[in-house]
Amino acid sequence: MSARLGGLRVLLEVGVALLLGLALGAVLMALWGYDPWKAYQALFQGALGDRFGIANTLSRATPLILTGLTFAVGVRAGLFNIGAQGQMILGALVAVLIGGLLDLPPGLHLPVTVLGAMLAGALWSLPAAFLKLTRGVHEVISTIMLNWIAYWFTGYVVIAYLSQGRRSLQVDPTARFPLIMAGSDLSYALLLSVLLAGLVYWALWHHVAGYELRAAGLNPEAARYGGVRPNRSLVWAFLLGGLAAGGAGAVEVLGRLPFAITNDLSNLGTLGFDGIAVALVGRNHPLGILLSAVFFGALAAGRTMMGYRAGVPFDMIQIVQGVIILAIAAPEMWRIARLRPRRARTPAAAGPAGTGTEGTEGGEGGERERERRQA
Amino acid sequence: MKPLIETRGLTKVYPDGTVALRDVSLRVHPGEVHGLLGENGAGKTTLTKILSGLLPPTSGEIRWRGEPVRFRSPREALRRGIGMVHQHFALVGPFTGLENIALGAEGGGALGPLRASTVRGRLERIMDESGLRAPLDVPVETLPVGVQQRVEILKMLYRDVELLILDEPTAVLTPQEAEELFETLRGLKAQGRTVIFITHKLKEVMEITDRITVLRGGRVVASLETREATPEKLSTLMVGREVVSEARRPRKATEPGEPVLTVRDLCVRGESGLRAVDGLSFEVRAGEVFAVAGVQGNGQTELVQALTGLRPFQGDVQVLGRSLKGLLPGEIGALGVAHIPEDRRKMGLILPFTVAENSVLGLQRFPRFRGALGRLRWRRIYGHARTLIEAFSIQAPGVRAPAAALSGGNQQKLVVGRELSKSPRLVIAAHPTRGLDVAATQYIRDLLARLRDEDVAVLLVSADLDEVFQLADRIGVMYEGRFTGIAPADALDRETVGLLMGGLPLEEALRARARARGSGEGSP
């Protein structure tokens, strides 16, 4: 609810950050002798200039919405879940397997394939949840490792078993998303992404499990007091995130050319990691993520035109885009960074130096705590 | 004799306006063990923090060997020879005792070489002289707390302190470890070192100190030789003789009914693994306020956590005949147990959540607020929040404002209101008025009295004797995890409770009180 209340302020903040980022990018381009005005004009043209530009923008936003949701749900539960990349890759693999190898009737093939991919993503989030809950392994560590396992495993399966030239076999036409606009990449996968964003919004703010998940993320101690089982909320956050990330793999494979996975996995790119930036810019709110994903989609779509029309080299384009994204994400990154140590603070931190043990919070613990706050 | 350290007119006002110390003058003579006695919030910790350079005083001066000094950091105080051992040790867990002691005292500047052999040689000498021994070559985190404390003291001796300040050193120790600590202190005294010993335990202060300074409400109320002191005298000084400022909440005529909460042989382990609650048995009846008094840190927190499902326990706990063993906080709440936690900001509320969201924390799964498929019934939640705001006159910018925007008193009213909206049979209230202003305090105490009159069982845990005497029908005083006494409130007075809080058994305390009263009345 508070997110909605603060919506106007957030928009203002993002707007100012966007202008700052654009200005900084313009300075960089000018310094290296490119015409920033022409470059931005080309960027805008390519992304939103005509209906094909817009279709391209939305099509590229489609998987980013989903990986953005993965990260955002994690943050809401107090997690730093960066496993979307691996979950997305496995989702894509399962989409190719079900979509390319299974013969199902037309009306059934697509939903079954999408569902399979989403479940694969969810399944691949479980080791991280398990390790965290049983062994206390931080999810950043475990998901990074799981990402690599998914990457090499999928690369191996594609080359060893599915390869047809430079890519895997293609999914059957019955398992592909129908196009919204002929001649473009824009398919009804967009609808799926928007629907899932709506579902996540509903789950977080209109379902008791989402309420408990957010409570556990903000204050685990108070959540436990309030009858929440924080561990359960963590598992929910991992699973929900995994479903979304697996879905991202599915929409990428089932929604656009080459309807397959390339041998080097390059058509999947870094959709999972990009989701982190999408979520940060979208302030970890499903509605914000929709807008933010479209923004990222526009950057991706306008990139080509920027190089082609304004003659800006690809590296420069990436630098400028990085600057813009960083500017917009910075306030949120700052907030998350400030939130974390407070959660980790222990009563033993009262001493002048680090401590080895924590005594009982006895004696004048309360008094000390009070005084420290005041001091 | 010239004092080693002396303060004159020391006053400390915290930035939020709290006056922690008022015009404190303290004299500590060389070679004595000086006890600093006082209740929670009396200012003991603030005073020692100023002496050891952790906090600057607002006004007043400190004299070290007669010469005015100003410490800008603990390091400066240490250079003069003042060292403090905090309740929470400042040790690096994976480092050995030797490494911990050498850390920060390497000498030879930032790049000076650290020679383990030199440190060890000097330490062996110090250990021989003081009789204080600790293993030097194992990681300190593997050592028992009592031994870690010895490492801390050795650390200070290695830095050649003349004045050693110990903040509640026995709070984390077993009785045996405490006895060993006292031996150590006697040894240090024999070496001519000076010790300031902070405690609220009467027995300890009588046993180990030479002089005692009693603080109350940030003022020095007395400074006396230990041999002139008696536990009764000290507890009177500590607790104060002020006339109870407010009347007892009169109870309605009916007698308490059936037991709602029954506790038998309850044992609970605290954070450190020690037994924080050690074999408690009691019951709370419908229409009765049972108050658990005691100085903070004697197991009250763990007791409440065990009763509310937040901490595992041994023994038998029943609410209306249902055992609480293995139940989760939510399940216990559903049995009709309301819990007003001791820290509203850390536990009672989720500060970034809105007032509405907070108004159902713990009630979110009640059918009232949860519809089909687990859907939250927002309309009812908002209605509920508005009802609470109305019924408990909570000053809030609105139901969609974050709880962090409310003042402390209003936050507490929100917590209390929410808990009472469970229509509980048992209310567990831990320090329900701590940190609140007079009006909010009155309001909440009246509320608890009304609950009692409505036949609710109330378990009040409080360190505030005013509160205890205003509300309680029966009082149990906790000391080191046990009750030193349980008695009807009419049979006790503040001084007796003070003695019980200091660890005296009930009979002894009553006898001591009778003696004191007898002699008082004998010589008007």
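Tutor: Let us begin with R65(B), which is placed in the loop between strand 4 (59-64) and strand 5 (67-69) of chain B. Strands (E, at least two residues) and helices (H or I, at least four) are DSSP runs numbered from the N terminus. The model is predicted: local features need pLDDT of at least 70 and side-chain atom pairs count only at pLDDT 80 or more, while totals for chains, interfaces and linings use all residues. Residues are numbered from 1 along each chain as its sequence is written, chains are lettered from A and ligands numbered from 1 in the order in which they are written, and side-chain values use heavy atoms, with hydrogens and water left out.

Student: Why is R65(B) called partly exposed?

Tutor: Buried means under 20% relative accessible area and exposed over 50%, with partly exposed in between (1.4 Å probe, protein chains only). R65(B) has a relative accessible area of 41%, so it is partly exposed.

Student: What makes the phi of R65(B) worth a remark?

Tutor: Its phi is near 55°, a positive value in a residue other than glycine. Most residues other than glycine have a negative phi, and most peptide bonds are trans. S393(B), in the loop between helix 13 (378-391) and helix 14 (408-420) of chain B, also has a positive phi, near 35°. On the peptide-bond side, the bond from L257(A) to P258(A) is cis, with omega near 5°; P258(A) belongs to the loop between helix 11 (230-255) and helix 12 (271-281) of chain A.

Student: How do you know that strand 7 of chain B is largely enclosed?

Tutor: Of the 5 residues of strand 7 (residues 163-167), 5 are buried, so the rest of the structure largely encloses the strand. Both faces are covered: L163(B), I165(B) and D167(B) lie on one side, L164(B) and L166(B) on the other.

Student: What makes strand 7 of chain B paired with strand 8 of chain B?

Tutor: Two strands pair if DSSP finds at least two bridges between them. Strand 7 and strand 8 (residues 194-199) of chain B are joined in the parallel sense by 5 bridges, and T194(B) is the bridge partner of L163(B).

Student: How do you know that the largest cavity lies between two domains of chain B?

Tutor: Domain 2 (257-332 + 425-524) and domain 3 (337-423) both give residues to its lining, so the cavity lies between them; the domain bounds come from an automatic or database assignment. A cavity is a set of points, on a 1 Å grid over the protein atoms alone, where a 1.4 Å probe fits but cannot get out, and lining residues have an atom within 4 Å of a point. The largest cavity has a volume of about 140 Å³, a volume being the space filled by probe spheres set on the points, which are joined across faces, edges and corners. Among its 15 lining residues, Y225(A), P329(B), G333(B), V337(B) and K422(B) lie nearest the centre. Helix 10 of chain B gives the most, with 5 residues.

Methods. On a 1 Å grid over the protein atoms alone, a cavity is a set of points where a 1.4 Å probe fits but cannot get out, and a pocket is an open set with protein on both sides within 12 Å along at least five of seven lines; lining residues have an atom within 4 Å of a point.
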